[in-house]
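Welcome! Let's take a walk through this structure together, starting with the chain as a whole and then visiting a few of its residues.

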Amino acid sequence: MAVLDRNQWPLPRRDQWPLSSECALAHLEWALGYREAAFARSADAIAKAVRTRTDANSLPYALTWDTLLAAFDRNQERIRASATRLLEYTRTTGGVFWVRIPRQSGQ
């Protein structure tokens, strides 16, 4: 017996996946050892957030996940680039929640 019957529950095409799924899958790929695929998917998620601009939180969400992915990979250059882009974006849009994350975690 199949757990998932695609005829009864059609899965959306990859281009219709929610942004949160793309970000989570990037972390899963990294954990499974697919480093390059993980970074490519994370970059795709950021591009999707920029392209769709569905709400003010999409890009900060993708950038936060990208920063965490870079931290897991100990990639200081990517950490700095993603975190800087996140801070610049949230300061210009008034995204108080996203700007305070680093401060709260450091206390």
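Of the 107 residues in the chain, 30% are buried, where buried means under 20% relative accessible area, exposed means over 50%, and partly exposed lies in between (1.4 Å probe, protein chains only). Please keep in mind that this is a predicted model, in which local features need pLDDT of at least 70 and side-chain atom pairs count only at pLDDT 80 or more, while totals for chains, interfaces and linings use all residues. Residues are numbered from 1 along each chain as its sequence is written, and side-chain values use heavy atoms, with hydrogens and water left out.

The chain has five helices and zero strands, giving the pattern α-α-α-α-α along the sequence. Here helices (H or I, at least four residues) and strands (E, at least two) are DSSP runs, numbered from the N terminus. Contacts, meaning heavy atoms within 4.5 Å, also tell us about the fold: among those between residues at least 6 apart in sequence, 55% join residues at least 24 apart.

Now look at Ser82, which sits in helix α4 (residues 76-93). Ser82 counts as buried because its relative accessible area is 6%. Beyond its neighbours within four places in sequence, Ser82 is in contact with Leu63, Asp66 and Thr67.

For a contrasting place, turn to Leu32, in the loop between α1 (19-31) and α2 (35-52). Leu32 has 58% relative accessibility, so this residue counts as exposed.
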